[in-house]
Amino acid sequence: MPMIKYLVVILEPAAASFCYYDVKPVPSSGLMPLELLRRVVDHAIRNGLHINFVHGDSPLPEEYVRLVESADHISIMPPGQNPCAGGTVLVIDDHRLEDAPALAENPCANIILRVGRDRLRQLSGMVRQLMGKFGRLNIILKDLAQFEEPELQICREQMVVIGKRVAAEYRKGNFIEISTLTDRIFLTNMNNCGAGVEHLTVAPDGRYYLCPAFYHEGPEHSLGAFGETPRLENSRLLELDYAPICRNCDAYHCKRCIYLNRKLTGEVNTPSRQQCRIAHLERDQSRQLLAALPSAIDGSEKIVPIPELDYSDPFEMLTRRDIDGGAKDRHFASLLSRPLEAVPASQLLLQIYQLDPGLLAKLKQMTPFALDLKPKK
Amino acid sequence: MVNQNIAKAPSVWMKSAAKTVTFMVTEDCQLRCHYCYLVGKNAHTRMDFEVARQAIDYLVENRDLFPEQAIVWDFIGGEPLLEIGLIDRICAYIEYKQRQQEHPWAESYRFSLTSNGILYDKPAVQQFVAKNRDHLSIGITIDGTPEKHDLHRVYPSGKGSYADTARNIPLWLAQFPGASTKVTVASDDLPHVADSVLHLFALGIRHVSINVVFEDVWREGDERIFEKQLLELADRIIDGTLYAEHTCSFFSEHIGQPVQDNHNWCGTGRMLTVDCQGHFYPCHRFTPFSLARKEAITIGNCRDGIDFNKLRPFLSLDRFSQSSEACRTCEVASGCAWCQGANYDYADTDTIFQRATYLCNMHKARVRANNYYWYKLKRKLASERCQ
Ligand code: SF4
Ligand code: SF4
Ligand code: SF4
């Protein structure tokens, strides 16, 4: 069983989507039963879990608010709701951007902007409109599953425009975060969605799901009733080690969406071409942004430069026939070992020993080292 | 060990460089073999020529998608020789299309068929063989002694098919002298293993490719019967000096070691299977009738082409991500095979990333017998050198 750190709790069937999935129109509306919510909150508190509540448009009755406020939480909600004390992330769909002016007084510095294929060209305009109203902006390309080359090209153009704006802000000392552009700059390890590994979802139907997307796919995707141990068969496949493409990738900011993986490739551990292409496009824009900001960021000497790649999808590299396996291994090892490369070997070996003494012995056995006793000239 | 006194199994033509495209031309067969993957055989589902044409056009016209230097056009069924007329027409079209497109495959292609051999001597089949001799391989499946063969390879009436297959073996071997046969061993067959391999050698088949099934069929104690059979076979091959001209794939110098690489075992995904309706599969084991527990995995069809997203799991599969801790650290893992289709069929979830290891004890028994075989053979050859 993986180490779950938080629960995503969907407060009503029509609660806002904050990610790659669409909210299916549901016959029954209404909030999650109060009794269920009480059990979920109680479970979270007793197990040291944080909660991300996902709200819909319905304002919460008093007793719900009290329960929500009683747990360590973040509330993810559409604009127009009363921001919660725990921390609020606003979800704005591109077609609801007209609500954005109401954000002028937005106390929540965190916004998720969901953009569809038909409004991609307006992405940089939307970001401009939201400037000053967020400290962190998460951009979700909600139709990613249908992206082909034209959409990717539009994304690239839009990212260039947004990148210029971000660079200008950074030069002024305003270090805003835009997920698709700045996350990769500051990450040195994978930081993916983590569905099923770091978080599980509890839906209004009283069932566990890997994430809200699976809830909207139907109850056959449930992991069982809340209150029982979630059925997570083959859960190792949700972990990075067991994802042969992602394990060899340094697009650390990528969502690595297991829902899209399942839908497009049939396997939760295998990303689609769309996911890899977009993450690499973003990675490359981050690389260019970083290169254009040599000293604008405080502590920039600690930031590891992002190397340029000659592929836009690690799968391409993995399956290339003109490069032998050894050369591929060397490439991926050098890519993934950053910034460990800078750590003295003795320090690294000490860490290996502390983590797993057996591994150190194995490493010694595997690594040829012959004593050369010839006298030095 | 390089030794000129030991025969080598024939190498597979363009093994890593060739794409294999398999057409399932019919769902019909004269036989009802107990272990056959094709359940629901019927006389009405056959491939339409138009389906084959579309698939060929797609493959030959999209050179960037299929950059392999060579191609094997493979035909299976049911029993493919029931459709020899259709196969002949498809092959003629392939040759025309490759030439018309000036495709490198025009210089580097083979046709291949796997048959039960019953119709092998029929005039239409013989004409096909004569016409395509230079770039054709045909495999005939014969399981060993009449007793072993007839245990599973039977007509709908229950009558064994040994006599009808064996009748055509001399003709087949005359036309394809280096041909090998593939034998599958299940629990019931174990007592016949040694006799069966030797019987096939005696029929003139010098290379026997044989493996135990991957499915959950093994019973307590089977590994002891298997090991005993293999030890007996080892003695008889070595004492009779059969190793000089014959090979049996149970014995290999490269098995029974810890594994250092991270490769997938089988070629699923690099191959392509086309069924009678024109659906594409990563290999025939993912077709609906080959799976007992799971839905088929299609990766496209001859009209729309391949959905390459669906192919990504197959092409990125590695040993590590599908193996348990026990298999990853196993001291005798090399040569321990798996079938991706069987893995998928038995997996706890709808995944190809979970190895079925029902043959674990059988592999370990094989490794012990294999160690014995090579130990004994090397000592024999060494003592002969000293004399
Ligand atoms: S798996 Fe993660 S990234 Fe994908 S839809 Fe669910 S929450 Fe979003
Ligand atoms: S870019 Fe592709 S390989 Fe890299 S983490 Fe994302 S999904 Fe995985
Ligand atoms: S199945 Fe058994 S013999 Fe084969 S690798 Fe795994 S542990 Fe070893």
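Which elements of chain A each supply at least two residues of the lining of the second largest cavity? They are strand 6 (136-141), helix 4 (149-171) and helix 8. The model is a predicted one.

**Cavities**

- Searching the whole structure for cavities of 30 Å³ or more gives two.
- The largest cavity holds about 70 Å³ of space, and this cavity is the space taken by ligand 2.
- Its lining consists of A:Met190, A:Ile245, A:Cys246, A:Cys249, A:Ala251, A:Cys254, A:Arg256, A:Cys276, A:Ala279, A:His280 and A:Pro314.
- By class, that lining has nine nonpolar residues, one polar and one charged; helix 8 of chain A gives the most to it, with three residues.
- For the second largest cavity the volume is about 40 Å³.
- A:Leu123, A:Ile139, A:Leu141, A:Cys155, A:Met159, A:Thr180, A:Ile278 and A:Glu282 line the second largest cavity, and they divide into six nonpolar, one polar and one charged.

**Ligand 2**

- The shell around ligand 2 has 13 residues, of which A:Cys246, A:Cys249, A:Cys254, A:Pro271 and A:Cys276 come nearest.
- In this shell 10 residues are nonpolar, two polar and one charged.
- Helix 8 (residues 273-292) of chain A contributes the most to the shell, with four residues.

**Ligand 3**

- Around ligand 3 are B:Ala326, B:Cys327, B:Cys330, B:Ala333, B:Cys336, B:Arg355, B:Thr357, B:Cys360, B:His363 and B:Lys364.
- Helix 11 (325-328) and helix 13 (360-386) of chain B are the elements that give two or more residues to this shell.
- Of the elements, helix 13 of chain B gives the most, with three residues.

**Salt bridges**

- Side chains of opposite charge can pair when their charged atoms come close.
- Over all chains the count comes to 53 salt bridges.
- A:Asp205 and A:Arg207 form one of them, at 3.3 Å from N to O. Relative accessible area is 32% for A:Asp205 and 33% for A:Arg207, so A:Asp205 and A:Arg207 both count as partly exposed.
- A:Arg247 and B:Asp318 meet in a salt bridge at 2.4 Å, N to O. A:Arg247 lies in the loop between strand 10 (224-225) and helix 7 (258-265) of chain A, and B:Asp318 in the loop between helix 9 (308-316) and helix 10 (319-322) of chain B, so the pair joins two chains. B:Asp318 counts as buried because its relative accessibility is 6%, under the 20% cut-off.
- In the salt bridge of A:Glu316 with A:Arg273, the closest N and O atoms are 3.6 Å apart. This pair links distant parts of the chain, with A:Glu316 in helix 9 (residues 314-319) of chain A and A:Arg273 in helix 8 of chain A, 43 residues apart. A:Glu316 is partly exposed at 28% relative accessible area, and A:Arg273 is partly exposed at 35%.
- Salt bridges with shared partners also join A:Asp22, A:Asp93, A:Asp94, A:Arg114 and A:Lys142 into one network.

How values were computed:
Residues are numbered from 1 along each chain as its sequence is written. Chains are lettered from A and ligands numbered from 1 in the order in which they are written. This is a predicted model: local features need pLDDT of at least 70, side-chain atom pairs count only at pLDDT 80 or more; totals for chains, interfaces and linings use all residues. Side-chain values use heavy atoms; hydrogens and water are left out. A residue is near a molecule or strand if one of its heavy atoms lies within 4 Å of it. On a 1 Å grid over the protein atoms alone, a cavity is a set of points where a 1.4 Å probe fits but cannot get out, and a pocket is an open set with protein on both sides within 12 Å along at least five of seven lines; lining residues have an atom within 4 Å of a point. A molecule sits in a cavity or pocket if more than half of its atoms lie within 2 Å of its grid points. Ala, Val, Leu, Ile, Met, Phe, Trp, Tyr, Cys and Pro count as nonpolar, Asp, Glu, Lys and Arg as charged, and the others, Gly among them, as polar. A salt bridge is a side-chain nitrogen of Lys or Arg within 4 Å of a carboxyl oxygen of Asp or Glu. Buried means under 20% relative accessible area, exposed over 50%, partly exposed in between (1.4 Å probe, protein chains only). Grid points are joined across faces, edges and corners, and a volume is the space filled by probe spheres set on the points.
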